[in-house]
Amino acid sequence: MPSNENYNVAVKVNDLHKYFGELQVLKGISNEINKGEVVAIIGPSGSGKSTFLRCMNLLEVPTKGNIYVDGVDITQPKVDIMKIRQNIGMVFQHFHLFPHMTVLENVMYAPIKVKKLSKVEAKQQASALLARVGLESKAQVYPSRLSGGQKQRVAIARSLAMQPEIMLFDEPTSALDPEMVKEVLDVMKGLADSGMTMAIVTHEMGFAKEVADRILFLDEGKLAEDATPDDFFSNPQCDRAKQFLEKML
Amino acid sequence: MNLDFGRIIPNIPFILQGILLTLQFTALSTIFGFLWGTVLSLFKISNITPLTWFSNVYTSIFRGTPLLVQLSLIYYATPQLTGYNISPLEAGVFTFSLNSGAYISETIRGGILAVDRGQGEAAKSLGVPYSMMMWDVILPQAVKNILPALANESINLLKDSTLVSVIGVTDILRRSQIVAAEKFIYFEPILVAALIYYVIVMGLTTGAYALERKLQRSS
Ligand SMILES: Nc1ncnc2c1ncn2[C@@H]1O[C@H](COP(=O)(O)OP(=O)(O)OP(=O)(O)O)[C@@H](O)[C@H]1O
Ligand SMILES: [Mg+2]
């Protein structure tokens, strides 16, 4: 679909509202994420970070507003959401690996079923991705035998196997033991360096500061602050962000 | 009471021959019932109102009426309604599959709902269409969770299979009744039948238990 949007914009969010029944969770968020940009989404618990992220691949259906991915408004009923989702990877707090498939099968599954890759191609690609996240030796293992950090790295490899242009992360390290956080953040850092467009909900302030190009601070369903990491961490504008940072740091 | 098994010993092989039929009957009903139950359970969790409505009414009817009534209806009504001369065995398998599908659909529905929501979300986020997500991701996990219940259903089918003797299928029970009528002794053949059923059910129960243990260990 031709678009008159700026070709540099990966995701454009326009006046996004989301209700769960009576509860208004997102109250008019507008923003743009450029291609290759890494955006950290932070904010207090319940502020709507996950909901915001999940709207971007329509795991939650926005109540009002528009979301453009590569210029296509994905909130329009006629869009092929399966097609859009192939282009947007998502990594969850609790990994959600498929427990009845081996690590390799987890990574090969969607390329074979959705992209109709041959088994040979899919396997080559999966092996390369597992090597990239440092887990080629675990290819034949079932997820239940992996540590949390390993599971999350497999989950990242599984998402990357669809060769997405955008990656969404919802607190990818929050369920991990502290000693495993780094191995996952390192993989994400590598991904960021490779030019991937990323939106990351995280409580890892150090990581956000170091890797993100921009910080979005959500508070009570509103985008309370949109700043570079330097500005945000050294000189937060709103009181809520100040309070939040005092608690976090 | 004097029990004299000596007189029916020559007839025991005849009764035993019913085992194969009973097992076949149970296996077929289990398989078709499972497939039909899967379809019904998918109807139940779908957002398509006529399908959920149909499967709920269907389940209610088949759970709310006696199996023997269903069996008689299907056996006697099918030839009249369709002109197809249904054999007693076919009528039995058909009825039992329809009936067990109703029960199993509830079990499978529960199994599907018990699968972590994240599994479906992970599949969706990879762009996997609904049907593939169900078939490749959700159902295998759901079925694994409910295997013990399915094994139980199969055991119930086996015991209920004696009902088909009413429409003349020569299963274990029917054969023991034939022997009883021939020899004018009633307890002994029926006791033999009871013993055979008990041994089979115990075998299946032990197998199901071993399977359950194995699954518990592997997860
Ligand atoms: N499916 C849902 N149905 C009803 N309410 C929901 C649903 N999902 C989220 N909510 C509510 O929406 C609000 C925002 O939730 P959300 O998960 O987006 O917050 P969050 O910023 O990600 O919080 P956290 O840091 O705890 O993950 C919360 O009050 C939550 O209870
Ligand atoms: Mg959240």
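Modeller: Let's begin with A:Phe217, which is buried at a relative accessible area of 0%. Buried here means under 20% relative accessible area, exposed means over 50%, and partly exposed is what falls in between (1.4 Å probe, protein chains only). This is a predicted model, so local features need pLDDT of at least 70 and side-chain atom pairs count only at pLDDT 80 or more, while totals for chains, interfaces and linings use all residues. Residues are numbered from 1 along each chain as its sequence is written, chains are lettered from A and ligands numbered from 1 in the order in which they are written, and side-chain values use heavy atoms, with hydrogens and water left out.

A:Phe217 has a ring partner. Across all chains, the search turns up ten aromatic pairs. Rings of Phe, Tyr and Trp (its six-membered ring) pair if their centres lie within 6.5 Å; planes under 30 degrees apart are stacked, over 60 edge-to-face, and the rest tilted. A:Phe217 and A:Phe244 have ring centres 5.4 Å apart and planes at 55°, so this pair is tilted. A:Phe217 belongs to strand E9 (residues 214-219) of chain A and A:Phe244 to helix H9 (residues 239-248) of chain A, so the pair ties together parts that are 27 residues apart in sequence. Helices (H or I, at least four residues) and strands (E, at least two) are DSSP runs, numbered from the N terminus. A:Phe244 is buried too, at 8% relative accessible area.

Next, A:Glu37, in the loop between E2 and strand E3 (38-42) of chain A. A:Glu37 counts as buried, with 11% relative accessibility. What does the side chain of A:Glu37 touch at 2.7 Å? The side chain of A:Arg214, in a polar contact. By that I mean a pair of N or O atoms within 3.5 Å; within protein, one must be able to donate a hydrogen and the other to accept it, and residues adjacent in sequence count only if both atoms are side-chain atoms. A polar atom of the A:Glu37 side chain also lies 2.9 Å from the backbone nitrogen of A:Asn34.

Now for the ligand. Ligand 1 is surrounded by 13 residues, and the closest are A:Ser45, A:Gly46, A:Lys49, A:Ser50 and A:Thr51. Here, a residue is near a molecule if one of its heavy atoms lies within 4 Å of it. The side chain of A:Ser45 puts an N or O atom 2.6 Å from an oxygen atom of ligand 1. A:Gly46 uses a backbone N or O atom, 2.8 Å from a ligand 1 oxygen, and A:Ser47 has a polar backbone atom 3.2 Å from an oxygen atom of ligand 1. On its own, ligand 1 has 630 Å² of accessible area, and the protein covers 61% of that. (Accessible areas come from the Shrake-Rupley method with a 1.4 Å probe; for residues, only the protein chains shown count as cover.) Strand E2 (23-34) and helix H1 (49-55) of chain A are the elements that give two or more residues to the shell around ligand 1, and H1(A) gives the most, with three. By type, the shell has four nonpolar, seven polar and two charged residues. Nonpolar means Ala, Val, Leu, Ile, Met, Phe, Trp, Tyr, Cys and Pro; charged means Asp, Glu, Lys and Arg; the others, Gly among them, are polar.

The loop between strand E6 (88-91) and helix H3 (103-113) of chain A is worth a look as well, with A:Phe95 in it. Phi of A:Phe95 is near 65°, positive in a residue other than glycine. A:His96 lies in the loop between E6 and H3 too, and has a positive phi of about 55° although it is not a glycine. A:Phe95 counts as buried at 10% relative accessibility, and A:His96 is buried at 11%.

Last stop: A:Gln163, in the loop between helix H5 (148-160) and strand E7 (166-170) of chain A. Is A:Gln163 buried or exposed? Exposed, at 53% relative accessible area.
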